Amino acid sequence: GGRRIAETHYQLGVALGHFNKFDDAVKSLEEAITCLKLRMENLKNKSESVDEAKANDAFYSREAEITELEALIPEIEEKIQDTKDMKSQDAENQKEENGFKQNGEASGSAKPVSTIGVKRKAEGAQTTSPKKAHV
């Protein structure tokens, strides 16, 4: 059924998001929604065959599944939004790492840390070397 395919797309989308492949992640999540909507249409039109196991289950109904699918879609849409937020956050982080700040404070933020580190090391080497300290 379309639902398993949708689940696969969803899990793939989530995984891609973890690897910072945000565009691909969004595509997969959107595919998941497309599959769910298609399955809902088919259920509503009664054209989708019900799994044998479910058909024999007295508690199973198309309506119940449609309701369940309808509840899944907003959750996936929220995940898409999260992924897009992660993408813009990631872009911001990369900008800062490259030192390009858009709000005018040009490449100041990243530099001081590294230069301080270098200075400290240099001073440490010039002052007491381990041999002298032992004497």
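Reader: How much of the protein chain counts as buried?
Author: Of its 135 residues, 21%, where buried means under 20% relative accessible area with a 1.4 Å probe, protein chains only. This is a predicted model, in which local features need pLDDT of at least 70, side-chain atom pairs count only at pLDDT 80 or more, and totals for chains, interfaces and linings use all residues. Residues are numbered from 1 along each chain as its sequence is written, and side-chain values use heavy atoms, with hydrogens and water left out.

Reader: Which residues have the most contacts inside the largest nonpolar core?
Author: L36 and I76, in a core of 15 residues. Such a core is a set of buried Ala, Val, Leu, Ile, Met, Phe, Trp, Tyr and Cys residues joined through side-chain atoms within 4.5 Å.

Reader: Where does the largest share come from?
Author: Helix 2 gives 8 residues. Helix 2 (22–44) and helix 4 are the elements that give two or more; helices are DSSP runs of H or I, at least four residues, numbered from the N terminus.

Reader: And what is I76 in contact with?
Author: Leaving aside neighbours within four places in sequence, Y10, L29, A32, I33 and L36. Contact means heavy atoms within 4.5 Å.

Reader: Switching topic: at what angle do helix 1 and helix 4 pack?
Author: About 20°, with axes 11 Å apart. Axes are lines fitted to C-alpha atoms over the stretch in contact, and angles run from 0 to 180 degrees between N-to-C directions. The two helices are therefore roughly parallel, a label for angles under 35 degrees.

Notes: Angles under 35 degrees count as roughly parallel, over 145 as roughly antiparallel, 65 to 115 as roughly perpendicular and the rest as oblique. Buried means under 20% relative accessible area, exposed over 50%, partly exposed in between (1.4 Å probe, protein chains only).
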